[in-house]
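Subject: Structure handover

Hello,

Please find the structure below.

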Amino acid sequence: MFDDVEPKPDFPALERERLQWWQEHSIVAQYLQRNDAADKRWSFIDGPITANNPMGVHHAWGRTYKDVFQRFKTMQGYKQRYQNGFDCQGLWIEVEVERAHGFSSKLDIEAFGVGKFVEECKARVQRFAAQITEQSVRLGQWMDWDDSYFTNSDENNYAIWHFLKQCHTNGWLYKGNDSMPWCPRCATGLSNMEIVTEGYREMTHRSVYLKLPLIEREDESLLVWTTTPWTLAANVAAAVHPELTYARVRQGDDVFYLSRALIDADSGKSKVLQGEFEIEVELPGRDLVGLTYRGPFDELPALDGVVHRVIEWDEVSEDEGTGIVHIAPGCGQEDFALSKQFDLPVIMPIDQFGTYTEGFGFLSDCFAGDVASPIFDSLKEKGALYRIQDYVHRYPICWRCDSELVFRVVDEWYIDMDGADGEGKPLREHMVDATHKINWIPEFGLARELDWLRNMDDWMISKKRYYGLALPIYPCACGNVDVIGSVDELQERAVEGWEKYEGHSPHRPWVDEVRIACSSCGEKVSRITDVGNPWLDAGIVPYATLDYTHTREAGLWHDWFPADFITESFPGQFRNWFYAMLAMSAVLEQREPFRAVLGHAQVRDEKGEEMHKSKGNAIWFDEAADKMGADPMRWLFMRHNPATNVNFGYAAGDEVRRNLVLTLWNTYSFFVTYANIDGWQPDGAAPLASDNELDRWLLSELHQLIADVTSGLESYETAMPARRVESFVELLSNWYVRRSRRRFWKSEDDGDKQSAYSTLHHCLVTLVKLMSPFTPFLSEELYQNLNSARSGAEDAPPSVHLCDWPDADASAIDETLNDEMRTAMRLASLGRAARSKAGIKVRQPLQCVYVRLPGKPDDDALRRLEQQVLEELNVRELALIAEDSDLLQYDIKPNLPVLGPKYGKDVGKIRAALAELDPLNVVLAAGRGEEIAAGEFTLAPDEVLVTTVEQEGYASAQESGFVVVVDTDVPESLLDEGLAREIVHRIQNMRRDAGFAISDRITTYWQGDDDIRRVLAAHGDYVRAETLSESLEEAPPPDDAHTEQQDVDGHAVTLGVRKQ
RNA sequence: GGGCCAUUAGCUCAGCUGGUUAGAGCGCGGUCCUGAUAAGACCGAGGUCGGUGGUUCGAGUCCACCAUGGCCCA
């Protein structure tokens, strides 16, 4: 016996019970060990999830992919590692810990103690790693959770040391400086990434127009504009666009230059210049290049000796500011880049807290954000001020503390992307080569990554913070730089402080205690205090998790590298994880670190909008798992095209529940109900060879499904397999079971019934195996009740997740049969449409249905379908419509895909000629296989297409050459049958309402008019058999019967049912 | 400024190498089916396939330009 099936279960509750059951029966452990002895391996690398916050529903998308493909490969017998990873170092974590303590600057951290701070960061990571693990388990993700890797591990950090040493050996590691966005409150730089995501706010600043007097041209000035007056003290150049036109204008005693485009040609007015002025000369920007000018603050000691030049720059815009751009390389990114191009001096006016340093006179010791007024006063005093104007713009702010950012030039460490290796090949080229060898899914990933690789600058790997990889770089005052490649090397080279480090993780502050002797001059050298870019931590994972430094020749690393597959959310990863892995792998092994990558887009809310806590449209993973369940969530993600954003929500989840989960559940419930009534048990054998069309067809569809799902998953595709499963479940429920119902409930226990059970059981069990990677909970639920081990067959594994992946048997696939069955469905569908037009319900039997099939009707095929169509439509006979019947009217058209290539421009003439012909004659001729004369052309029968057109006056429906016409003339006898069937329907509903079991025998009481009496006299046996009524009593129902007054097609009937 | 992608029903999206009447799901209205079915079937409403040109016998599909949106880079 199968366990009875709850008809309307609480699916999320079933999932929670199943989690417990898996635990109690050590199923996950058995799964992880299932292929330990296998020869074939499938290597998956899990991209580390940031262990800094709980998991969100957006993580569930990627993690479901990870789980689906690992489960699929497990069932196929591949040995795997099942290792999950956590990203555990970096500024994100520092920020959260700072927040928890209310810290607002690095000074607070220093005061708190770097060691304590780092320990708190580590603890935070542990806490969220545990929470994410728990959530992942709830999602149904099966990994070796006790073997997760953490990027803050010693092994991970030391592997990066090895990598950096290799870079240094190759000459690719260097110290450079760059201008970067800087928060003066936090006293740290921010990456562009941090600014782009949420770092701008609209604000108003006082901008200033000022005059820069040209040295070569007395009494003439450049007019420049800036929104950041504090940077003027660092001005060294003014940029013009060489191709744009500039104007020299006279205004009173002043003569200055600005972009011509800022002066309106018609009105002669300007949005920049106030008052009257006149244009003296127009000239191209290039004519100004090379001139020098007096800077606005040349009197300050820091500006001593600086020559201010006019330079050319193509990025200068002619309609913002004045068309002449103030350049301060110490205070801006583009400015700094120009300083390299034009060899401009770099003046750095402020320290890490945004305060002017010594040498800036009245500005020294002032905060950069507070000096606009004194600067304006000074300019005014010097006669350089032209105008002050409020300016509204989007300005970058610190995403942590909202401070306005400044730009500072700071020393950072870089990996050189264009330095050549021993064979003259730069790192960038190695990465490009590796990128081409990778299978990018979706395909545009390749172009995306290549685009990034072509454009990327050298990799800045340092960050002036506390909790992260300790960069093992030891620069000596003598100019020599030592890089340490392992902990052993550090111990060997240590000349001081090793005892303070020993026993600690390679983090600040402990590792900073160790000093080594310079390999060049022997002086004691300290580590730089910078920590590493966190993408180093993730990029080394394909190496660190495989113990690369120890098993490089043979063993673990050798066996599992490169990974067969990774999958992550695309946004960001091209220049983050994918990039870091490519770079590090190019340095260490000059090859691709993974063979295929599946990227997916982002999770949006149900309306397609970004989820935000503040918008109130965010859905928490725990809540979603609780309300919709993990399986529908997984399915919702897996059925979606990974290239586009998915709209996630409860309505979408409910759709999955209704369409897939419930439909499958009801089919399963149907099977169990009747199998239990009949005492049918699975014996573990293959399904019985059946001569029943429905059984053979369902098996054919099943094997096609296995083939499709398998090939989809083989190519890392889930949407197609998921949709194929959906359509199979639909066919299973709404055609196979619907059409087979009578086979299950008929009273004879014959071979046909046996093969129906055997077929349906086999298909359900196979289906849940195919679905198990997608919906592990539901699949297990069904498998546990259906698998043959329950009836004593020994061969069934204890869990669906320990089963072998089903094999598609090509010989079971009968495409002709599949087509025929689709034709039957189509005829049934058209027949229902025709009945609906005629207003005759299906319960009313009809004498005849006339059909026409496109092409040559195959009599045998028709015979095979006939029974299905007749039963489905409740019709007595099916007749083909004669081609010349007046039930049909035709339209003929040229078969364009055939005629087009053959006749080209003559297609138009053929079309016209065909229009002249009598369609019926053409149809008859084509039916006889004769050629068709159309004007000057002679066409083969297959060069003409025939369609039937709607005939008025018949209850017909048609589609794609299929026509169904129903005979609406209903003889008296059939009307009585219809009435009988209606009564059966009413009694069945009453049985259900009365709560009777399906197999309960009853007595039915009835009272009605003469028509009813006649119908029940003629069709009493039918009614009794259908309703399991031992007898039909024409009598008032007794008090204990379930009784209802019914209006049956206009006849008042009293019906009562009583269990015997 | 450069690159990539998109634009098809109220919403979310299919539409293969150009070919006959452009589809599905959701939502809405109606009818029907059902002792597995909080499911399903049928009917209905809803489209200048972003725009303009071009190639072609024929363009939602190919090409060019433009517009709008998104992503990436500068």
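A residue counts as buried when its relative accessible area is under 20%, as exposed when it is over 50%, and as partly exposed in between, using a 1.4 Å probe on protein chains only.

Two remarks on the source. This is a predicted model, in which local features need pLDDT of at least 70 and side-chain atom pairs count only at pLDDT 80 or more, while totals for chains, interfaces and linings use all residues. Residues are numbered from 1 along each chain as its sequence is written, chains are lettered from A and ligands numbered from 1 in the order in which they are written, and side-chain values use heavy atoms, with hydrogens and water left out.

The chain as a whole

Chain A has 33 helices and 41 strands; helices (H or I, at least four residues) and strands (E, at least two) are DSSP runs, numbered from the N terminus. The radius of gyration of chain A is 40 Å, well over the 31 Å that the globule rule gives for 1060 residues, so the chain is more spread out than a compact globule. That radius is taken over C-alpha atoms, and the rule is 2.2 Å times the number of residues to the power 0.38. Along the principal axes, the C-alpha atoms of chain A fill a box of roughly 120 × 80 × 65 Å. Of the 1060 residues in chain A, 55% are buried.

RNA strand B

A residue is near a strand or molecule if one of its heavy atoms lies within 4 Å of it. RNA strand B is surrounded by 49 residues, and the closest are Arg 575, Glu 655, Arg 832, Leu 945 and Arg 991. Of the atoms of RNA strand B that come within 4 Å of the protein, 58% belong to sugar and phosphate.

By class, this surface has 15 nonpolar, 18 polar and 16 charged residues. Here Ala, Val, Leu, Ile, Met, Phe, Trp, Tyr, Cys and Pro count as nonpolar, Asp, Glu, Lys and Arg as charged, and the others, Gly among them, as polar. Helix 22 gives the largest share of the surface near RNA strand B, nine residues.

Some individual distances: a polar side-chain atom of Arg 832 lies 2.4 Å from a sugar or linking oxygen of RNA strand B, and one of Arg 741 lies 3.1 Å from a base oxygen. The elements that give two or more residues to this surface include helix 24 (719-745) and helix 27 (815-838).

Helix 23 again

The 22 residues of helix 23 (residues 693-714) should span 32 Å at 1.5 Å a residue, and the end C-alpha atoms are 31 Å apart, which agrees. The expected span is 1.5 Å times one less than the number of residues. Asn 692 caps the N-terminal end of helix 23, with a side-chain oxygen 2.6 Å from the backbone nitrogen of Leu 694. After helix 23 comes Tyr 716, whose phi is positive, near 60 degrees.

Two single residues

His 430 is in helix 11 (residues 427-437). Is His 430 buried or exposed? His 430 is buried, with a relative accessible area of 11%. Thr 766, in helix 25 (residues 751-771), is also buried, with a relative accessible area of 6%.

Regards

Notes:
Polar contact = N/O pair within 3.5 Å; in protein donor to acceptor, adjacent residues only side chain to side chain.
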